[in-house]
Amino acid sequence: MSDDSVVVGIDINETVVNRNNSQLSRVIQADSTDIASMEELGIAEFDAVIVAIGGAHVEASILTCSLLIDMEMENLWAKSSGTAHGRILDQIGVPHIVYPEVAMGRRVAHMVRGSNLDYVELSSDTAIVHTMVPERVAGKLNEVELWDRYGVKVIAIKHDDKWNPVLGEVELVTGDQVQIYGDSKRVEKFSRLARK
C-alpha cells in the first residue's frame, strides 16, 4: 500500500464508527445495503472493497455484496461466517471469499496435532510450517536430499531471535526453529520427527 492510499471504513453503527475513527483514513456511518448511500460515497471508484460483515449480520453481508456486484466492483473480497454463507457469496458471484474461522480452526488443529509452532495453509494441499530441526536431519543442509526424502524445503532459519532466509550453505542444528514448505501431509509428518 502506498503512502497516499486511503482506507475508508463504513458501518451503520455509530459506536463502531467512533471506535475506529483514528484507525483508518476515514470512517463513515452509512448503510452498506442502501444503493443511494453507496453511490453517494463513490464506492464504484474504489480500487478494492472488503466486506467484513458477519456473525448475526449475514443478511447484510449478502445484500452488500449483491449491491457491489451490481455496481460492477471487480476487486471484491468478503468474509464468510461459515459454509452456507460462503456458498451464497459464491453463488452471487463474489470473486474472493475468505473463511477466517475455518482457516484458524485448521491452523490450531495442526499446531495441536504435531510439533508445529505455527501452520499456514497456502492451498488445500500445500503449507508453510514453523517447526524445530529434528536430530536426524541436523548437519549441513542438503536441499535435494531433504526434498527427495521428506518432501519439504527449508525456507528460513531462526538465529538470535531473527529469521534469515536459506541462502547458500546452511548448517541445521537440532532444536533450531525453521520454516518449511511442502505438501500439507509431508510437512506435518516432518514436524513430528522433532518430537522423537
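Colleague: Which side chain does lysine 153 meet in a salt bridge?
Modeller: Glutamate 143, with N to O at 2.3 Å. A salt bridge here is a side-chain nitrogen of Lys or Arg within 4 Å of a carboxyl oxygen of Asp or Glu. This is a predicted model, where local features need pLDDT of at least 70 and side-chain atom pairs count only at pLDDT 80 or more, while totals for chains, interfaces and linings use all residues. Residues are numbered from 1 along each chain as its sequence is written, and side-chain values use heavy atoms, leaving out hydrogens and water.

Colleague: And where do lysine 153 and glutamate 143 lie?
Modeller: Lysine 153 is in strand β9 (residues 152-159) and glutamate 143 in helix α6 (residues 143-150), so the pair, 10 residues apart, links distant parts of the chain. Helices (H or I, at least four residues) and strands (E, at least two) are DSSP runs, numbered from the N terminus.

Colleague: How many salt bridges does the structure hold?
Modeller: It holds 3. One of them joins the side chains of glutamate 169 and lysine 140, at 3.7 Å from N to O. That pair also spans distant parts of the chain: glutamate 169 is in the loop between β10 (162-165) and β11 (171-172), and lysine 140 is in strand β8 (residues 139-140), 29 residues apart. Both glutamate 169 and lysine 140 are exposed.

Colleague: Which residue does glutamate 188 form a salt bridge with?
Modeller: Arginine 192, with the closest N and O atoms 3.9 Å apart. Both residues sit in helix α7 (residues 184-193), 4 residues apart, or about one turn of the helix. Glutamate 188 is buried because its relative accessible area is 3%, whereas arginine 192 has 29% and is partly exposed.

Colleague: Where is alanine 194, then?
Modeller: In the segment after α7. Alanine 194 is partly exposed, with a relative accessible area of 28%.

Colleague: Switching to helices: at what angle do the axes of α3 and α4 cross?
Modeller: Roughly 15°, and the axes of α3 (residues 58-70) and α4 (residues 83-91) come within 10 Å. That makes α3 roughly parallel to α4, since angles under 35 degrees count as roughly parallel, over 145 as roughly antiparallel, 65 to 115 as roughly perpendicular and the rest as oblique. The axes are lines fitted to C-alpha atoms, for helices over the stretch in contact, with angles from 0 to 180 degrees between N-to-C directions.

Colleague: What about the phi of glutamate 72?
Modeller: Positive, about 60°, although glutamate 72 is not a glycine. Most residues other than glycine have a negative phi. Glutamate 72 lies in the loop between α3 and β4 (76-79), and with a relative accessible area of 68% it is exposed.

Colleague: Which residues form the nonpolar patch on the surface?
Modeller: Leu122, Trp147, Ile155 and Tyr181, together with about 360 Å² of accessible area. Patches take residues with over 30% relative accessible area and no salt bridge, joining like charges within 9 Å and nonpolar side chains (Val, Leu, Ile, Met, Phe, Trp, Tyr) within 5 Å. Areas come from the Shrake-Rupley method with a 1.4 Å probe, and for residues only the protein chains shown count as cover. Tyrosine 181 is in strand β12 (residues 177-183) and is partly exposed, at 31% relative accessible area.

Colleague: Is isoleucine 50 buried or exposed?
Modeller: Exposed, because its relative accessibility is 68%. Isoleucine 50 is in strand β3 (residues 49-51), and its C-alpha is 9.4 Å from that of cysteine 65, 15 residues apart along the chain.

Colleague: Last one: where is alanine 138?
Modeller: In the loop between β7 (126-132) and β8. Alanine 138 is partly exposed, with a relative accessible area of 36%. The C-alpha atoms of alanine 138 and glycine 175 are separated by 8.9 Å, with the residues 37 apart along the chain.

Conventions
Buried means under 20% relative accessible area, exposed over 50%, partly exposed in between (1.4 Å probe, protein chains only).
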